[in-house]
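Thanks, everyone; please have the sequence and the model open, and I will go from the whole chain down to one residue.

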Amino acid sequence: MTIQTYPSNDNTQLSPHFCSSEFACPCGKAHTFQIADALIAKLEQLYDSLKCSKIIITSGYRCPAHDKIVGGTGKGQHTMGTAADIICYILSFIANNGVVCSAAKSGCKAIGFARTV
């Protein structure tokens with residue numbers, strides 16, 4: 001698996017629907033971040049299989065410190081650039097079960113959803 005490293009202010013177009021800045025750590029600190037090419041490929045596959053109008057990356061790369069702040073271990077998939085939390089839209093929000101089924105068919109190994117309050 002190839003993992004690319006980007007500077008904090010990078011905005012490289014990675015694929016037809018995603019650019020690097022969407023995956024930057026939300027902590028606000030100027031540090032590099034990583035994104036796995038395989039993650040982008042899986043997200044594009046999901047985009048096509050759901051016929052999305054948009055996929056929003058709500059959390060991509062997380063530095064170890066930020067990962068711990070949001071309840072992670074500081075060593076999870078987000079800290080390696082191999083995970084993303086997403087919201088999928090067609091003309092409106094797509095229910096979680098539709099995303100899960102399409103993601104599983106496209107080969108995603110683990111699927112998680114952010115809790116809303």
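Among contacts (heavy atoms within 4.5 Å) between residues at least 6 apart in sequence, 63% join residues at least 24 apart. Before I go further, this is a predicted model, in which local features need pLDDT of at least 70 and side-chain atom pairs count only at pLDDT 80 or more, while totals for chains, interfaces and linings use all residues. Residues are numbered from 1 along each chain as its sequence is written, and side-chain values use heavy atoms, with hydrogens and water left out.

The protein has three helices and four strands, taken as DSSP runs, with H or I over at least four residues for helices and E over at least two for strands, numbered from the N terminus; along the sequence their order is β-β-α-β-α-β-α. Of its 117 residues, 34% count as buried, which here means under 20% relative accessible area with a 1.4 Å probe, protein chains only.

Is Glu44 buried or exposed? Glu44 is buried, its relative accessible area being 12%. Leaving aside residues up to four places away in sequence, Glu44 touches Ser15, Pro16, His17 and Phe18. With Pro16, which is 28 residues away along the chain, the C-alpha separation is 8.0 Å. With Ser15, the side chain of Glu44 makes a polar contact of 2.6 Å, that is, a pair of N or O atoms within 3.5 Å, where within protein one must be able to donate a hydrogen and the other to accept it, and residues adjacent in sequence count only if both atoms are side-chain atoms.

Conventions:
Buried < 20%, exposed > 50% of the residue type's maximum accessible area, 1.4 Å probe, protein only.
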